[in-house]
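Me: I have a new model open and want to walk through its contacts. Can you take my questions as they come?

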Amino acid sequence: MTTTADAALTNAGAVRDAVRAFLDENFDRDISLRTWLSRLVDSGWASPQWSTDWFGKGLSADLAAVAFDEFRKVKAPGPPAGLGRMLAAPTIIAHGSDEQKQQFVRRILTGEDAWCQLFSEPGAGSDLASLQTRAELDGDEYVVNGQKVWTSGALGADLGMLLARTDVDVPKHRGISYFAFEMDQPGVEVRPLKQITGDASFAEVFFTDARVPAANVIGELNGGWGTAMTTLMNERVGLGAGAGLNFPISAPAGRKIQDQLEVSVGDYIDKVSGGRSAQAGSAGRNMGLGALVAYAKKNGRDKDPGVRDQIARAYTLNQLLAWNGLRAKAAAKAGKGLGPEASLGKLMMSHVTRQNRETALAIVAGDAMLAGKDGPLGGSVASQVLFTPAPSIYGGSDQVQRNIIGERVLGLPKDPDISRDVPFRDLKVGTQSKAN
């Protein structure tokens with residue numbers, strides 16, 4: 001992504017003044033959420049760290065954080081915080097054509113389209129390059145057949161970031177293409193996957209002769225692996241090292257819920273500011289260390305040496321995660337690409353989540369079994385306990401992150417993998433055999 005900057009916004013004071021001026025002129029609780037988002041996006045303040053060429057201000061991470069701080073003061077809603085803004089838009093800006101950027105990026109920020117990530121398959125999780133979903137050219141379209149699993153946000157998505165194999169006669173990493181794929185069409189079946197928390201934020205998706213225009217290939221044909229790496233690096237930064245660069249409240253997204261954008265800004269703020277934003281996850285995922293410490297003090301648990309030890313451990317890990325995030329911001333400010341901070345942050349997030357769980361259990365003890373509003377912290381402790389294994393799996397498992405760190409940071413040799421040089425059609429992966 002380019003980082004062309006607004007020449008006038010060179011320091012924190014200038015950024016604060018510019019945001020306040022924009023708010024004074026444009027922020028109105030009586031206008032519709034749709035109108036507000038349109039103003040915000042076209043001004044460049046919806047994602048100020050993006051290029052000025054594509055709906056941003058070209059600010060460094062530090063200055064973008066200053067801008068978001070000003071928006072927080074008035075509880076101004078921002079664009080949807082889902083996978084469209086987090087993953088699809090940065091990938092399209094980095095690899096897409098100008099036509100694709102015009103077609104997709106603004107609609108992501110204004111909440112007109114919701115996106116999902118069609119990467120993992122039953123036989124291609126950690127070894128994503130072994131994916132078997134096929135896309136075969138038919139005129140000016142590709143016909144897609146296959147299956148995806150653990151697809152985040154698929155139930156409400158309008159488009160998907162689809163990885164599909166377009167050439168089986170080259171090694172597995174070199175025959176994959178990346179598509180912007182329309183979900184609402186014949187031949188696409190979405191089945192929810194119920195999680196232990198009771199949520200169904202994931203789904204499995206089946207493709208039977210579904211179609212996608214050839215014009216929707218993002219990046220180079222058969223070069224989708226490189227495009228996907230941009231998506232995955234943004235995911236790891238977002239999950240592990242990129243916290244803080246966001247609005248206090250996120251707008252809803254998707255063609256199925258466009259009526260929600262017609263409410264007034266004031267009504268929307270009042271509706272969500274008392275609880276969690278419309279795009280937040282389950283309660284357990286939002287349980288912070290501060291809330292746990294306050295609960296411990298209120299109930300006298302802060303006097304227990306074991307509890308104090310767990311709190312200290314949690315505080316230490318949370319600080320390390322925050323400092324790693326600052327290191328990532330410093331690298332971005334220096335013009336460097338996404339580096340080891342992304343995988344380090346993603347791996348650290350797994351440790352932080354587990355330690356927060358252990359801290360919560362030490363504080364509330366057996367009451368952690370109480371779910372719902374009657375449980376500790378409104379049931380968020382019970383939700384946290386159930387949710388904790390997830391961060392060590394999604395977005396690249398802990399084992400994958402350790403391999404990346406070992407190879408790319410420590411310079412260790414890669415694991416032997418003869419399949420890297422073998423045409424994909426000759427590999428025995430998933431349900432495929434040489435006979436196919």
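Me: How many aromatic pairs does the structure hold?

Reply: The structure holds 12 aromatic pairs. Keep in mind that this is a predicted model. One of the pairs is Phe22 with Phe71, which sit edge-to-face, 6.5 Å centre to centre, with 70 degrees between the planes.

Me: Which parts does that pair tie together?

Reply: Phe22 lies in helix 1 and Phe71 in helix 3, so the pair ties together parts 49 residues apart in sequence.

Me: Are Phe22 and Phe71 buried or exposed?

Reply: Phe22 is buried, with a relative accessible area of 10%. Phe71 counts as buried too, at 0% relative accessibility.

Me: What about Phe119 and Tyr178, how do their rings sit?

Reply: Their planes are at 85 degrees, so the pair is edge-to-face, and the ring centres are 6.0 Å apart. Phe119 lies in the loop between strand 2 (115-118) and strand 3 (134-138), and Tyr178 in strand 6 (residues 176-182), so this pair ties together parts 59 residues apart in sequence. Phe119 counts as buried at 4% relative accessibility. Tyr178 counts as buried at 2%.

Me: Which residues form the aromatic cluster?

Reply: Phe22, Phe27, Trp36, Trp45, Phe68, Phe71 and Phe247 form one cluster.

Me: Back to helix 3. What does it span?

Reply: Helix 3 covers residues 61-73, so 13 residues. From first C-alpha to last it reaches 19 Å, close to the 18 Å expected at 1.5 Å a residue.

Me: Which of its residues are buried?

Reply: In helix 3, Ala61, Leu63, Ala64, Val66, Ala67, Phe68, Glu70 and Phe71 are buried.

Me: And what follows the helix?

Reply: Lys75 follows helix 3, and its phi is positive, near 55 degrees.

Me: Which residues are in the salt-bridge network?

Reply: Arg16, Asp17, Arg20, Asp69, Glu70 and Lys73 are linked in it.

Me: How many salt bridges does the structure hold?

Reply: It holds 25 salt bridges. One of them joins Lys303 and Asp302, with the closest N and O atoms 3.9 Å apart. Lys303 is exposed, with a relative accessible area of 66%, whereas Asp302 is buried at 15%.

Me: New topic. Where is Thr151, and what does it touch?

Reply: Thr151 is in strand 4 (residues 141-152). Leaving out residues up to four places away in sequence, Thr151 touches Cys116, Gln117, Leu118, Ser201, Phe202, Ala203 and Val205. Thr151 counts as buried, at 0% relative accessibility.

Me: Last one. Which residues make the nonpolar surface patch?

Reply: Leu320, Trp323 and Leu326 make a patch of about 310 Å². Trp323 lies in helix 9 (residues 305-333).

Methods
Residues numbered from 1 in each chain as written. Predicted model: local features only at pLDDT ≥ 70, side-chain atom pairs only at ≥ 80, totals over all residues. Heavy atoms only, no water. Helix = DSSP H or I, 4+ residues; strand = E, 2+ residues; numbered from the N terminus. Expected span 1.5 Å × (residues − 1). Buried < 20%, exposed > 50% of the residue type's maximum accessible area, 1.4 Å probe, protein only. Contact = heavy atoms within 4.5 Å. Patch = residues over 30% accessible without salt bridge, like charges linked within 9 Å, V, L, I, M, F, W, Y side chains within 5 Å. Areas by Shrake-Rupley, 256 points an atom, 1.4 Å probe, with all protein chains shown as cover. Salt bridge = Lys/Arg side-chain N within 4 Å of Asp/Glu carboxyl O. Phe/Tyr/Trp six-rings, centres within 6.5 Å; stacked < 30°, edge-to-face > 60°.
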